[in-house]
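The following paragraphs guide a reader through one protein model. Please keep the sequence and the structure in view while reading.

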Amino acid sequence: MSKATHQTVPQHVAIIMDGNGRWANKRGLPRTLGHKKGVEAVREAVRTAGDLGIDYLTLFAFSSENWRRPEAEVNDLMGLLKVFIRRDLAELHRQNVRIRIIGDRVHLRGDILPLLEEAEETTARNSGITLVIAFNYGARDEIARAAQALAAEVAAGRLAPEEITAQRLASRLDTAGIPDPDLVIRTSGEERLSNFLLWQAAYAELVFVPEFWPDFDRDVFLRALDAYSRRERRFGGVTAAQTLAVGS
């Protein structure tokens with residue numbers, strides 16, 4: 001995968017992949033076909049991110065709330081995940097992609113967890129783009145689990161309450177060691193985070209695109225990156241121009 005020279009390419013892009021079902025409904029197709037088409041969009045997004053030199057791509061694959069969907073649809077999604085890992089893992093490994101899984105693993109089905117762990121272990125030493133898959137993931141749950149871990153240390157006498165800082169809590173999140181996203185993209189026209197990376201996206205730029213996820217191709221990705229490149233990121237500070245204006 002070649003490194004792009006575009007100077008505004010973000011280091012970390014996170015995507016809320018939304019609209020598979022609506023894409024299918026709009027065409028009079030079963031929702032299952034929308035999810036299958038969505039897998040093709042995942043492949044395209046990973047290729048594009050790698051080509052552009054993006055270091056981290058996080059995809060919201062399955063939320064902790066998605067278990068509430070009809071059992072048949074959940075089973076279809078699990079089946080697609082299995083197919084994706086079994087069919088694509090070798091190719092991703094060959095392309096030097098490193099896979100990382102975030103989300104609650106304790107309550108995962110026994111036939112899913114080994115596949116996710118295999119994907120991580122197989123690609124752990126790769127040095128290309130890191131593909132972060134948010135599976136059985138919810139940001140509030142992630143933060144609560146991190147807080148519980150710190151509380152246990154306090155209860156054991158290994159940590160004083162005043163030693164709990166934002167940095168220490170961040171080190172207990174599922175994303176420890178991964179830079180915060182610079183850009184969060186959501187497809188399908190919806191404009192909310194839906195419990196995705198609430199801590200990490202504190203200063204991320206948000207771009208909402210009208211296309212359903214199955215239609216998220218290279219052109220849509222580039223359009224989102226163009227929108228990002230026009231943003232002025234201040235992280236709570238002021239720009240150089242504003243500083244000069246204040247001092248003049």
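Leaving aside its neighbours within four places in sequence, D18 is in contact (heavy atoms within 4.5 Å) with R186, T187, S188, E190, F212 and W213. The model is a predicted one, in which local features need pLDDT of at least 70, side-chain atom pairs count only at pLDDT 80 or more, and totals for chains, interfaces and linings use all residues. Residues are numbered from 1 along each chain as its sequence is written, and side-chain values use heavy atoms, with hydrogens and water left out.

With S188, D18 also forms a polar contact of 2.8 Å, side chain to side chain. A polar contact is a pair of N or O atoms within 3.5 Å; within protein, one must be able to donate a hydrogen and the other to accept it, and residues adjacent in sequence count only if both atoms are side-chain atoms. D18 belongs to the loop between strand 1 (12-16) and helix 1 (20-26); helices (H or I, at least four residues) and strands (E, at least two) are DSSP runs, numbered from the N terminus. Because its relative accessible area is 14%, D18 is buried. Here buried means under 20% relative accessible area, exposed over 50%, and partly exposed in between (1.4 Å probe, protein chains only).

The UniProt annotation "binding site", from an unreviewed entry, covers D18 and E205. Of these residues, the lining of the largest pocket includes D18. UniProt positions are given in the numbering used here, feature names are shortened, and annotations may be inferred rather than shown by experiment. On a 1 Å grid over the protein atoms alone, a pocket is an open set of points where a 1.4 Å probe fits, with protein on both sides within 12 Å along at least five of seven lines, and lining residues have an atom within 4 Å of a point. E205 is part of strand 6 (residues 205-208) and, at 15% relative accessibility, is buried. Beyond four places in sequence, the contacts of E205 include D182, L183 and R233.

The interior may be considered next. A nonpolar core is a set of buried Ala, Val, Leu, Ile, Met, Phe, Trp, Tyr and Cys residues joined through side-chain atoms within 4.5 Å. Of the 47 residues in the largest such core, V13, I15, L57, F135, I185 and F221 touch the most other members. Helix 3 (residues 71-94) gives the most to this core, namely nine residues. A second, separate core has 15 residues, among them I16, Y56, F196 and A201.

T58, in strand 2 (residues 56-63), is buried because its relative accessible area is 2%. Beyond four places in sequence, T58 is in contact with H12, V13, A14, I15, V132, F196 and L197.

R100 is 20 residues from E120 in sequence, yet their C-alpha atoms are 5.6 Å apart in space.

Two loop residues complete the account. Most residues other than glycine have a negative phi. N96, although not a glycine, has a positive phi of about 70°; N96 is in the loop between helix 3 and strand 3 (98-102) and is partly exposed, at 27% relative accessibility. S194, likewise not a glycine, has a positive phi of about 50° and lies in the loop between strand 5 (183-186) and strand 6.
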